[in-house]
Amino acid sequence: MKRRFRGVAEHSARRVCGLFHAGALAVAAPTVAWAAPETGESEKPDKSQYTLLNPTPRRYLRELSADRPDKTDSAFTVDAGHFQIEMDFANLTSDRHNPDRTDVRKTAYEVAPMNLKIGLLNNLDGQLTLSPYRWEQTEDTRTGTVERRSGFGDITPRVKVNLVGNDGGFFALALIPFVKLPVNRSHVGNGSVEGGLKVPCAFDVPGWEVGFQTEVDCNRNEANAGYHAAFVNSISVGHSVTGKLSCYAEFYSSVSTERRSNWVGTVDTWITCQLNGNLRLDAGVYIGLTRAAEDWHPFLGMTWRF
């Protein structure tokens, strides 16, 4: 607070004492203000003691974070001893603009594809992605041939280990190794074991959610036996619209080293509704930018922690 000094007795003893007291308050005030956050920091709990069998108390749970619905995974893990379900209620895939420019239309939909998570340690969680039911149709409009397949999809075990920033800080980084297991018996996959490593990171920008991810996959060749590498990168940005609603946009790119392959590029957008600290709904669509990408992929889903 600034003081205004009035009067003509500027050199009186009383005025000198007043200046002295004002100076003392000016020095003391910032000292108190600076000390307050330091006290708050010292009260931050040590969560390294919590495990699957010794769950993190609810008052210490970090903000709800999910690997859905964007393709850019979260850099944060599920708190130890807690469970999280991330799933689509349903989704649809439509693709007619293929790289070969043939008259082939592909349509698919899934019911309740999900990622089941469990917090193992404060910085480590285990995950299992699966698709209980998938239906696919491939139609050649030139010949009139239609092929349909449906059934249980493949499963993908994953683990996520956070390296930095799990419980605060400007930057967060994690590693997500994964392996796809071809357990389906309905030919809704390529029947091959595949895997890779994802490296998601996040930045704490006031008012925004910013995430990046780089990924290396080992995928089965389509034309012949053997495997090839694919390099995937994405960036995701989000902003709050109201107290519960937020909107997001993402750019995704995948480049394969397989011969005569084409790069995949999509622009993705969605909204989320945070019903409470442990439940979030979302809806959006992936939009293909290249012929190798699926044209449209709308979805509706949720994230639930308990």
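## Close-up views

**View 1. At 64% relative accessibility, Ala223 counts as exposed.** Relative accessible area is found with a 1.4 Å probe on protein chains only; buried means under 20%, exposed over 50%, and partly exposed in between. The structure is a predicted model, in which local features need pLDDT of at least 70 and side-chain atom pairs count only at pLDDT 80 or more, while totals for chains, interfaces and linings use all residues. Residues are numbered from 1 along each chain as its sequence is written, and side-chain values use heavy atoms, with hydrogens and water left out. Ala223 sits in the loop between β10 and β11; helices (H or I, at least four residues) and strands (E, at least two) are DSSP runs, numbered from the N terminus. From Ala223 to Glu258 the C-alpha to C-alpha distance is 9.2 Å, with a sequence separation of 35 residues.

View 2. Asp154 belongs to the loop between β6 (145–151) and β7 (155–164), and its relative accessibility of 16% makes it buried. Beyond neighbours within four places in sequence, the residues in contact with Asp154 (heavy atoms within 4.5 Å) include Thr129, Ser131, Lys180, Pro182 and Gly189.

**View 3. The second largest pocket holds about 1100 Å³ of space.** Its lining has 47 residues, and the closest to the pocket centre are Glu63, Leu64, Ser65, Phe76 and Glu209. Two or more lining residues come from each of β8, β9, β10 (208–220), β11 (227–240), β12 (245–256), β13 (264–276) and β14 (279–288). The largest share, 5 residues, belongs to β9. By class, 18 lining residues are nonpolar, 17 polar and 12 charged. Here Ala, Val, Leu, Ile, Met, Phe, Trp, Tyr, Cys and Pro count as nonpolar, Asp, Glu, Lys and Arg as charged, and the others, Gly among them, as polar. On a 1 Å grid over the protein atoms alone, a pocket is an open set of points where a 1.4 Å probe fits, with protein on both sides within 12 Å along at least five of seven lines; lining residues have an atom within 4 Å of a point. Points are joined across faces, edges and corners, and the volume is the space filled by probe spheres set on them.

**View 4. Backbone geometry is shown at Pro69, Ala112 and His187.** Most residues other than glycine have a negative phi, and most peptide bonds are trans. The Arg68 to Pro69 peptide bond is cis, with omega near -5°, and Pro69 lies in the loop between α1 (13–42) and β1 (83–95). Phi is positive at Ala112, near 55°, in the loop between β2 (104–111) and β3 (114–121). His187 has a positive phi near 60° and lies in the loop between β8 (171–180) and β9 (194–205). Ala112 is buried at 15% relative accessibility, whereas His187 is exposed at 58%.

**View 5. Cys201 is buried and Cys247 is partly exposed.** The relative accessibility of Cys201 is 14%, and the relative accessible area of Cys247 is 34%. The whole structure has 0 disulfides, a disulfide being a pair of cysteine sulfur atoms within 2.5 Å.
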